[in-house]
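Below are some numbered remarks on this model, meant to be read alongside the coordinates. Please have the viewer open while going through them.

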Amino acid sequence: MEKLRIVFMGTPEFAVGILDTILKNNYEVVGVITAADKPAGRGQKLKYSAVKEYALANNLTLLQPLNLKDETFLAELKALNANLQTVVAFRMLPKVVWEMPSLGTFNLHASLLPNYRGAAPINWAIINGETKTGVTTFFIDDKIDTGAMILSSEIPIDETENAGHLHDRLMELGSKAVIDTLALIEKGSVSTVIQKDTNDIKTAYKLNKENCKIDWTKSAQEINNLIRGLSPYPAAWSYFGDNSEEWNVKLYEAKIITEEHNYAVGSLICTKKEMKVAVKKGFIQILTLQFPGKKKMNTSEFLNGIVFSVDAKVY
């Protein structure tokens, strides 16, 4: 049995949960690689990644390369003398990096591969109405999320949960999968399965303004799935229009009302406490939203300060 000397690579909060579990299971982490600091907010102050915050708090050796092929970085990485690299929500690695350790480099991905390869697997599983998802560990190769699979673990998706809740459950599931994977590698008893490509593989495309916009002509279920799948971040959005005014509004929580009606799709119907949008075969009742310049709030709270006309619509 070979003692593991691990370099951990990751950036967001999801990766922090995995790194924390590795340390709590008494594995040696000889270095942490994370993204360079980025300016954020109105003041454009440099913001640390969640992994950097954790690494500093736990006195871990930290590297933040701008270029993963930079000779200085590669020399620093080699000097850590790791025999294994573990990657969680980082970025594509060049061959010179993932081939460096003797025991290889493995990645934890928040989907049941080969489905949902890509940047946003948690979001797209909900957006596409999946009833189950999971995590997969695999050895990295020269493509994105295509390497030989080590372990996978599955959980159901509740029909009401959002991406934030699923994120937390997958972080817990992923932590166990990583520890189980480390144990197999440490014992030299890893058995891998090659991913098979088929025509019906679903992709976890990078989220952008366009694919986060609500199309109100879709079914109530598809619209609600989009809202759940993008909540709490980055949030589904839509234009709200009334008279000559227009707002870009984020929606965080909604529910489906199945009911026949004669309203045009996109009509906005409000009472003093409720807001709903007409869709095919029913309504989407908006429960939590955020108007520009306002805080995120529930709809009844929001409607205390605004009145829409009968001509108000969303689009």
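Is Thr34 buried or exposed?

1. Thr34 is buried, with a relative accessible area of 0%, where buried means under 20% relative accessible area, exposed over 50%, and partly exposed in between, computed with a 1.4 Å probe on protein chains only. The residue is found in the loop between strand S2 (28-33) and strand S3 (38-40); helices (H or I, at least four residues) and strands (E, at least two) are DSSP runs, numbered from the N terminus.

2. This is a predicted model, in which local features need pLDDT of at least 70 and side-chain atom pairs count only at pLDDT 80 or more, while totals for chains, interfaces and linings use all residues. Residues are numbered from 1 along each chain as its sequence is written, and side-chain values use heavy atoms, with hydrogens and water left out.

3. Leaving aside neighbours within four places in sequence, Thr34 is in contact (heavy atoms within 4.5 Å) with Gly10, Thr11, Ser49, Val51, Lys52, Leu62, Leu63, Gln64, Pro65 and Phe90. Thr34 and Leu66, 32 residues apart in sequence, are 9.7 Å apart in space, C-alpha to C-alpha.

4. Helix H1 (residues 13-24) packs with helix H6 (residues 163-187) at an angle of about 40°, their axes being 9 Å apart; the axes are lines fitted to C-alpha atoms, for helices over the stretch in contact, and angles run from 0 to 180 degrees between N-to-C directions. H1 and H6 are therefore oblique to each other, given that angles under 35 degrees count as roughly parallel, over 145 as roughly antiparallel, 65 to 115 as roughly perpendicular and the rest as oblique. On the H1 side the contact is made by Glu13, Phe14, Gly17, Ile18, Thr21 and Ile22, and the H6 residues include Leu170, Gly174 and Leu182.

5. Not counting residues up to four places away in sequence, Leu182 touches Leu4, Ile6, Ile22, Tyr27, Leu84, Thr86 and Phe106.
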